[in-house]
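This briefing goes with the sequence and structure shown below. The points are grouped by topic.

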Amino acid sequence: MAQALGEDLLLPSELQDDSSSLGSDSEISGSSPYRQADRYGFIGGNSAELGLGQPPADLIRQREMKWVEMTLHWEKTMSRRYKKELAVAPGDPQWMETIGRDLHRQFPLHEMFVSPQGHGQQGLLQVLKAYTLYRPEQGYCQAQGPVAAVLLMHLPPEEAFWCLVQICEVYLPGYYGPHMEAVQLDAEVFMALLRRLLPRVYKHLQQVGVGPLLYLPEWFLCLFTRSLPFPIVLRIWDAFLSEGAKVLFRAGLTLMRLALGTVEQRTACPGLLETLGALRTIPPTQLQEEVFMSQVHNVALSERDLQREIRIQLAQLPKSSPGPVPLPQARLPGAQAIFESQQLAGMRGGAKPEIPRIVVQPPEEPNPPRRKPQTRGKTFHGLLIRARGPPIEGPSRSHRGSASFLDTRF
C-alpha cells in the first residue's frame, strides 16, 4: 500500500512528454485549429503524435468489439425500438434545447465534432435525445455529453446509445438522474479512502476547505474525459468497463497523489483556489500513459474494500437527506458480473442462456455479373449476436429542470 500510494513521485527526467489529445477543457485554450489532426483525431495535437498516423485498424476494431461485448447484451426487439421509436421520435423541447446548447462543448477541436452539421454533433444529438426518450423520468445530464461523444468516436449511434444506457444504469446507476444520489455517496466514500490511504493529502484538503464535490463530479461523471490526456482516457475506459467503478476510485487516488503527494506541492497550495488549480493542472510529465496506468492498477483498493467502505458511508448518511436513498447494490462490478446477472435474469424468465459472441462475416468474393441476380438489395455486414435479460428499471423520478450544479463546471 505504501509503495502504491507513497509520497515519492517519479522524476521528470524518467518520463517523456505525452500531452497530446487532452479533453474538452484543454482544447478550448489550445492553439490554432487550422492544423493537422493527431492520431486520435484532435486538431493541433502533439507534433510527436502527428507523424504516427492513425492507430492500427485492427487495434481500433479490437477496442470497439471489446467495449460492445462488455456493455451490450441486446435483443432484436431493442434494435427495432431504437430505429422505429427512439431515433425518429421528436424529443422533449426542454431537453432538446439544453442538449443543443451543449453540443459544441464536446471535444470542440476533434475533427469529428468541429462542424455543427457534421456527423459527430448530429450523432451526439441523436444519442442524447434517444436517452431522454428511453428514460424520460431522468432526462438529460450534461455529463452524459462527453461520455456519449467518446462512444461515438468508436461506435455507430445505435451501439453508442445502448452502451450509454449500460453505463448510466448498470455501471453507474444513480449518477445521471435528477438527484445524483450515487455521486454524493461516492464522494463520501472517496474521502474516507483518501483519509485511510493518503492521510496527509486528506488533512490538507480539510484545512483549505476543498470538498469532494468541487472536483469529483468532473472526474467520475465524465469518466475523466475532461481531465486526462486522451490515450489515458481510453485505457481507463478499458479497465472501467472490464472491472467496474473501483477503477474510477483508483484513478482519482492516483491523481491526488500526483498533485498533492509531496510537502512541496501542498505548501505551494495554501488556499482553496490553488489546491483546485493543482488538481486541474498536473504536469504532462506526470501523465504518461504506461506509467500512470501502472500506478492506477497498483493502488491497494480491492472490490471488497470498496464495498465495505460503501456500506459504512451508506449507514452514516443522514436520514433526512433530500432525494432517493442511494442503491449501491444496483451497481455491478464490471462486465463479467453484469453478464452473469443478465444471464440469470434470462434463465428466471425461461430464456435459454447464450454465451455472447461477435460473428463477423468476411466480405464476399466478387462474382461476375448475372442477368437475374438473386441478392438484389441485400448487403452483408457484421452480425452482432447478444442475449439480454429484461432491462433494469430504476425508480420513478420527477422531471428535473435543465439547470444543475454541474452547469458551472462544464
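Phe224 sits in the loop between α11 and α12; helices (H or I, at least four residues) and strands (E, at least two) are DSSP runs, numbered from the N terminus. Phi of Phe224 is near 65 degrees, a positive value in a residue other than glycine. Phe224 has 0% relative accessibility and therefore counts as buried, where buried means under 20% relative accessible area, exposed over 50% and partly exposed in between (1.4 Å probe, protein chains only).

This is a predicted model, in which local features need pLDDT of at least 70 and side-chain atom pairs count only at pLDDT 80 or more, while totals for chains, interfaces and linings use all residues. Residues are numbered from 1 along each chain as its sequence is written, and side-chain values use heavy atoms, with hydrogens and water left out.

**The chain as a whole**

- The protein chain has 18 helices and two strands.
- Of its 410 residues, 50% count as buried.
- Among contacts (heavy atoms within 4.5 Å) between residues at least 6 apart in sequence, 78% join residues at least 24 apart.

**Another positive phi**

- Most residues other than glycine have a negative phi.
- Met180, in the loop between α8 (157–171) and α9, has a positive phi, near 50 degrees.
- At 5% relative accessibility, Met180 counts as buried.

**Aromatic pairs and a cluster**

- The whole structure holds 14 aromatic pairs. Rings of Phe, Tyr and Trp (its six-membered ring) pair if their centres lie within 6.5 Å; planes under 30 degrees apart count as stacked, over 60 as edge-to-face and the rest as tilted.
- One of these pairs is Phe190 with Phe220, which is edge-to-face, with 6.1 Å from centre to centre and 85 degrees between the planes.
- This pair links distant parts of the chain, as Phe190 is in helix α9 (residues 181–197) and Phe220 is in helix α11 (residues 216–220), 30 residues apart.
- Phe190 and Phe220 are both buried.
- Phe190 also pairs with Phe249: the ring centres are 6.5 Å apart and the planes are at 35 degrees, so this pair is tilted.
- Because Phe190 lies in helix α9 and Phe249 in helix α13, the pair ties together parts that are 59 residues apart in sequence.
- Phe249 is buried, as is Phe190.
- One aromatic cluster is made up of Phe190, Tyr215, Trp219, Phe220, Phe224 and Phe249.

**The nonpolar core**

- In soluble globular proteins, nonpolar side chains tend to be buried together.
- A nonpolar core is a set of buried Ala, Val, Leu, Ile, Met, Phe, Trp, Tyr and Cys residues joined through side-chain atoms within 4.5 Å.
- The largest nonpolar core has 98 residues, of which Leu194, Tyr215 and Met256 touch the most other members.
- Leaving aside neighbours within four places in sequence, Leu194 is in contact with Pro199, Val201, Tyr202, Leu205, Tyr215, Leu253 and Met256.

**Helices α12 and α13**

- Two packed helices are described by the angle between their axes and the distance between the axes.
- Helix α12 (residues 230–243) packs with helix α13 (residues 246–260) at an angle of about 140 degrees, and their axes are 8 Å apart. Axes are lines fitted to C-alpha atoms, for helices over the stretch in contact, and angles run from 0 to 180 degrees between N-to-C directions.
- The two helices are therefore oblique to each other; angles under 35 degrees count as roughly parallel, over 145 as roughly antiparallel, 65 to 115 as roughly perpendicular and the rest as oblique.
- On the α12 side, Ile236, Ala239, Phe240 and Glu243 meet Lys246, Val247, Leu248, Arg250 and Ala251 of α13.
- The residues of this contact divide into six nonpolar, no polar and three charged. Ala, Val, Leu, Ile, Met, Phe, Trp, Tyr, Cys and Pro count as nonpolar, Asp, Glu, Lys and Arg as charged, and the others, Gly among them, as polar.

**Two residues of helix α17**

- Gln313 is in helix α17 (residues 303–316) and is buried, with a relative accessible area of 8%.
- Not counting residues up to four places away in sequence, Gln313 touches Leu185, Glu188, Val189 and Ala192.
- Leu306 also lies in helix α17, and at 1% relative accessibility Leu306 counts as buried.
- With residues up to four places away in sequence not counted, Leu306 touches Val189, Leu193, Ala245, Lys246, Phe249 and Leu301.
- Leu306 and Val189 are 117 residues apart in sequence and 8.1 Å apart in space, C-alpha to C-alpha.
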